[in-house]
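Please read the points below with the structure open beside you, and take them in order. They are a colleague's notes for someone new to reading protein models.

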Amino acid sequence: MRLKPRQVEAFRSVMMTGGITAAAESMNITQPAVSRLIRDLEDIVQMSLFERVGTRLMPTAEATKLYREVERLYLGLDQIGQAAADIRLHKNTVLRIASVTSLVRPYLQQAIIETVGERPDIPLVIDVENSRHIWDMVEQNRYDLGLVFGSPRMSDKNAVLLHSSYAVAAMTADHRLASRQAISPGDLLDERVLIPGRNSPLRLALDRAFAIEDHQPVSTMETSMLNCCHFAAAGMGIGIVDHTSLRSAGAKVVAIPFEPKIAVSYYAIRPVGAQRIAVLDELIERIQSKMTLPDTE
C-alpha cells in the first residue's frame with residue numbers, strides 16, 4: 001500500500017495542532033476520520049506515531065523524525081507554488097520596454113512609477129527608439145512591450161490603441177498665422193517648417209500633403225517630434241506635431257488644426273503569441289488613461 005496525500009496531511013495537522021480535535025477542525029473533517037487516516041498511515045509505515053499520555057496525544061520519536069521529512073515536502077510544494085506565482089506575475093525576470101520619445105514623459109514614466117515603483121522584484125530595461133525599430137524588435141521578441149505611433153491601419157496587427165488625435169501646427173502666440181482657424185500646406189510656403197524624421201508615419205503623410213503644392217516650404221528642419229515642439233516655442237518656425245507630443249514637451253505654443261487632417265495614433269504592441277503579463281497589462285491601461293485626459297486634446 002502506498003502513502004496517500006490525505007494521510008500525510010492528517011499527520012502534519014496533528015503534529016502542528018497537537019491533537020485530533022484541532023486537526024479535524026483545520027482539515028474540515030470529523031475526528032474519527034482523522035483517527036482513521038493516522039491509523040492507516042501507521043500501518044503503512046509500520047511505526048507507532050502517537051501515544052496517549054492522559055488526555056494528550058504525544059508524538060513518538062519516530063513521528064518527530066518523520067515530521068521533519070514531511071515539512072521538507074511541504075516546503076518544496078510552497079516553493080513550487082511561489083515559483084508559479086513568480087512566473088505568472090513575471091517577477092525576477094527582466095521586462096524589456098521600448099518607447100518613442102513622445103510617450104516617455106509623462107505617460108510611460110508616470111505609469112511605471114505607479115505600477116512597479118514599489119516592486120523591486122521586477123527588473124526593467126527601457127529603451128527610447130523610433131517606431132520602425134520598435135516594431136521590428138517586438139516582432140523578433142526582443143522587447144516585451146513597445147510604444148509606437150503610426151496610422152490607424154496598424155491596428156490590424158498585434159496592437160492596442162492608446163490614443164488617437166490629429167496633427168496640428170504649433171507656433172508662438174505672436175506668430176502672424178496664430179489667429180488662423182486652420183493651417184494648410186499653402187500657408188507654410190514662406191515659413192520654416194519643423195517636421196518629424198523620415199521614418200515617421202506623420203512625415204510620410206506630410207510629404208503627400210505638400211506634394212500637391214506648386215512650391216515646397218522655403219525652409220525645413222527635420223528633427224524629432226519633441227524637438228519640433230521646443231523649436232516652435234522658441235520661434236524657430238512652425239512645427240507639425242500632435243497634442244501628445246505637445247503635452248510631453250510642455251512647450252508654450254499655439255496649436256492650430258492642420259488640414260488636410262492627418263491622424264496620429266499611438267499603440268502598445270506585444271510579440272505575437274506572447275503570454276499575458278499582468279504587470280504589462282496594468283502598465284498599458286495606465287498609459288491609456290493618462291493619454292486620454294481632456295488636456296491631451
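Predicted model: local features only at pLDDT ≥ 70, side-chain atom pairs only at ≥ 80, totals over all residues.

1. A residue is called buried when its relative accessible area is under 20%, exposed when it is over 50%, and partly exposed in between.

2. Leu49 stands 40 residues from Glu9 along the chain, and the C-alpha atoms of the two are 14 Å apart.

3. Helix α1 itself has 13 residues and spans 18 Å from its first C-alpha to its last, which is close to the 18 Å expected at 1.5 Å a residue. Several residues of α1 are buried, including Val8, Phe11, Arg12 and Ser13. Just after the helix, Gly18 adopts a positive phi of about 90°.

4. How do α1 and α3 lie relative to each other? Two packed helices are described by the angle between their axes and by the distance between those axes. For α1 (residues 5-17) and α3 (residues 31-45), the axes come within 9 Å and cross at roughly 110°. Angles of 65 to 115 degrees count as roughly perpendicular, and α1 and α3 are therefore described in that way.

5. The contact between these two helices brings Arg6, Gln7, Ala10, Phe11 and Val14 of α1 against Val34, Leu37, Ile38, Asp40, Leu41 and Ile44 of α3. Sorted by class, the contact of α1 with α3 holds eight nonpolar residues, one polar residue and two charged residues.

6. Helix α3 also meets α2 (residues 20-27), and here the axes come within 8 Å and cross at roughly 105°, so that α2 and α3 are roughly perpendicular to each other as well. On the α2 side the contact is made by Ile20, Thr21, Ala23, Ala24 and Met27, and on the α3 side by Gln31, Val34, Ser35 and Leu37. By class, the contact of α2 with α3 has six nonpolar and three polar residues, and no charged ones.

7. The largest nonpolar core has 65 residues, and those touching the most other members are Leu162, Leu188, Ile240, Phe258, Tyr266, Leu283 and Ile287. Once neighbours within four places in sequence are left aside, the contacts of Ile240 include Ala167, Leu188, Val193, Met225 and Phe258. Another core, of 20 residues, lies apart from the largest one, and among its members are Ala10, Val14, Met15 and Ile20.

8. Some backbone angles deserve a second look, because most residues other than glycine have a negative phi, and most peptide bonds are trans. Gln46, in the loop between α3 and β1, has a positive phi of about 55° although it is not a glycine, and with a relative accessibility of 72% Gln46 counts as exposed. Asn141, in the loop between α6 and β5, likewise has a positive phi, near 60°, and at 53% relative accessibility Asn141 counts as exposed.

Technical notes:
Residues numbered from 1 in each chain as written. Heavy atoms only, no water. Axes fitted to C-alpha atoms, helices over the stretch in contact; angles between N-to-C directions. Helix = DSSP H or I, 4+ residues; strand = E, 2+ residues; numbered from the N terminus. Parallel < 35°, antiparallel > 145°, perpendicular 65-115°, else oblique. Contact = heavy atoms within 4.5 Å. Nonpolar A, V, L, I, M, F, W, Y, C, P; charged D, E, K, R; others polar. Expected span 1.5 Å × (residues − 1). Buried < 20%, exposed > 50% of the residue type's maximum accessible area, 1.4 Å probe, protein only. Core = buried A, V, L, I, M, F, W, Y, C linked by side-chain atoms within 4.5 Å.
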